[in-house]
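My entries follow in the order I made them.

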Amino acid sequence: MRLTLTALLLLGSSLCALPLQAQVPEPTQTTATASARLERIGERYFEAGLRLNPIAGSMMLGEPRFDALLGNDLSPRHLAQDRALQKGLLRELKTLNEAGLSPDQRLSLQLLRLQAQNRLDGMAFPSELMPINQYGGAPVQLAEFAGGQSAQPLLTVKNYQDFLKRLEQLPAWNAQAIANMRSGVARGVVLPRPLIERALETLQALTVGPVEQHPYYRPILNMPASFSAAQRKQLSSTYRTAIEQRLQPSVKALADFIRSDYLPNGRATAGLSALPNGKAWYAYSVRLHTTTALTPEAIHALGLAEVARIRGEMEQLKAQAGFDGPLAEFLARQALSQETRPFKTKQDVLAAYEVINRRVQAELPRLFKRAPKAALEIRAEPELTRATASDHYAGPTPDGKRPGVFYAVIMDPQQYASTGMSSLFLHEGQPGHHFHIALQQELPLPRFRKYDWITAYGEGWALYAETLGHQMGLYQEPNAYLGHLSADLLRAVRLVTDTGLHALGWSREQSIRYMMDTEGVTEQEARRATERYMADPGQALGYKIGALKIRQLRDQAQARLGERFSYADFHEQILSDGALPLDLLETKMTRWLATQTP
């Protein structure tokens, strides 16, 4: 349950749930009231979903009413409620008179139905039986919150009290995780052994050491100066007692179970298809993350073609550099070049990103009609999660109290390569995730659409945004262009390896070797990437599939409009309705293009 951008926003599938109490359908409406009724239904279901998943309320909305709640998304009661709620939503939507809706409202209705149906379809597969992977689940998520720089505010005494209440619900989550993993072992639904080993590494920091060094104790070490001596004493005592008597023992029991009971039953296979009903499970994941009917085999072939195309462009750069050896050796040599590793400290890396940000900001008005009102900050990934994290973006809160944040994973500043920084910033910062997610919150949309996430759209847009570095002049230097091509190659390789692992019987080692040979990355980099795809089947497919569709739509617009084509107009249309499945996005853009005069 580590709620990175992707994992958090995938909660959109369950944010449109019925209220927790039984619902009585409203009387059949007249045409005049259909739109108002749809609006009420959407808002009611969004609110109910937040109550069912309160941690999403903290992360997406920053609303304090959720900050004392954790929720237990692993429990049978939660799953039964969720299933009943989604079914109830679909039943109620069937009673709407669609003739009374505007085109925009019909789109909202389509999306609301899709969210509920996707959630129901996904509940046919027991993902709750594999609740802990290398990202650590709820125990690690709460440790991130304890730093005070994430979704959990830690500024007032009430904030501290709320966070402690949330922490004290963790033992129940841990106990349910153990029960679910026991059931998973009995049913043959278990993680691959390497992911279990990595999970133990991640949890280790939460199981040992004195209280003063425990991640959950960090709020006490960082108490605001405004707290009185009595408040400090009381909070220190209650946090210490909770950590010593309940939290640390609970996480230790979880880790001990994983080590002694779960790890010996970890599977040797890497892909989802090795699990019971795994082929259908992966087909669902592919459909969810790509919003297409593409088969794993077709995606694998597309990936191979994209790999060949991108490597062809890299071969030209290799020839320009006068290198005679294999491309993988050239890429590895460039990655290790001291010229591309100028940093000494973490602050040096962050400062370089700030320079890139200023260059990007100067170019954005040419390419976009509007920018998000929310600020964008650049931060380093916290130490606790650096070993397993990927660079990512966290969205702002609608009240403006929390900005959008690009988190850069900086393991060793002296080994941090500068080549890919521009492409990465365009993806995770602006105009990538920040322009999609922050702007989507500002659009006049129902809340269930403001906070929805569709992988192919969101990651597709961010990958497409990387290509705008050409228009911004960021790739004129050969190393920067090579960094961009390397990032593009990574996403093409994902099409090959994700489908290879989960549909074609590839082993973990086969995927690692393919990445090393194709991308010139180190074994450690290939291992981390492979294990990410093993843990989240299908998610890695959305990037390339979405970006290729957006680029196809732009090519069509440029071909039709010629010199009248405007990047700003095109991007406004892509972003103006928020996240859409690719088929609906294509339909929208085709209609828009038909109204434009060449």
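**Entry: Phe 565 and its rings.** I looked up Phe 565 and found that it counts as buried, because its relative accessibility is 13%; buried means under 20% relative accessible area, exposed over 50%, and partly exposed in between (1.4 Å probe, protein chains only). The model is predicted, so I noted the limits: local features need pLDDT of at least 70, side-chain atom pairs count only at pLDDT 80 or more, and totals for chains, interfaces and linings use all residues. Residues are numbered from 1 along each chain as its sequence is written, and side-chain values use heavy atoms, with hydrogens and water left out.

I then listed aromatic pairs and got 17 in the structure. Rings of Phe, Tyr and Trp (its six-membered ring) pair if their centres lie within 6.5 Å; planes under 30 degrees apart count as stacked, over 60 as edge-to-face and the rest as tilted. Phe 565 pairs edge-to-face with Tyr 567, at 5.2 Å centre to centre and 80° between the planes. Phe 565 also pairs with Phe 570, and this pair is tilted, with 6.0 Å between centres and 45° between planes. Phe 570 counts as buried because its relative accessibility is 0%.

**Entry: other rings.** I found one aromatic cluster formed by Phe 343, Tyr 353, Phe 406, Tyr 416 and Phe 425.

**Entry: helix 24 against helix 26.** I checked how helix 24 (residues 542-561) packs with helix 26 (residues 582-594): the angle is about 10° and the axes are 11 Å apart. Helices (H or I, at least four residues) and strands (E, at least two) are DSSP runs, numbered from the N terminus. Axes are lines fitted to C-alpha atoms, for helices over the stretch in contact, and angles run from 0 to 180 degrees between N-to-C directions. The angle therefore makes helix 24 roughly parallel to helix 26 (under 35 degrees; over 145 is roughly antiparallel, 65 to 115 roughly perpendicular and the rest oblique). Among the residues making the contact are Ile 545 and Leu 553 of helix 24, and Leu 585 and Trp 592 of helix 26.

**Entry: Thr 497.** I located Thr 497 in helix 21 (residues 478-502). Thr 497 is buried, with a relative accessible area of 0%. Leaving aside neighbours within four places in sequence, Thr 497 is in contact (heavy atoms within 4.5 Å) with Trp 506, Ser 511, Tyr 514, Met 515 and Tyr 533.

**Entry: helix 7.** Why is helix 7 largely enclosed by the rest of the structure? I found eight of the eleven residues of helix 7 (residues 157-167) to be buried. The buried residues include Tyr 160, Phe 163 and Leu 167. They pack against helices including helix 3 (54-61) and helix 11 (229-262).
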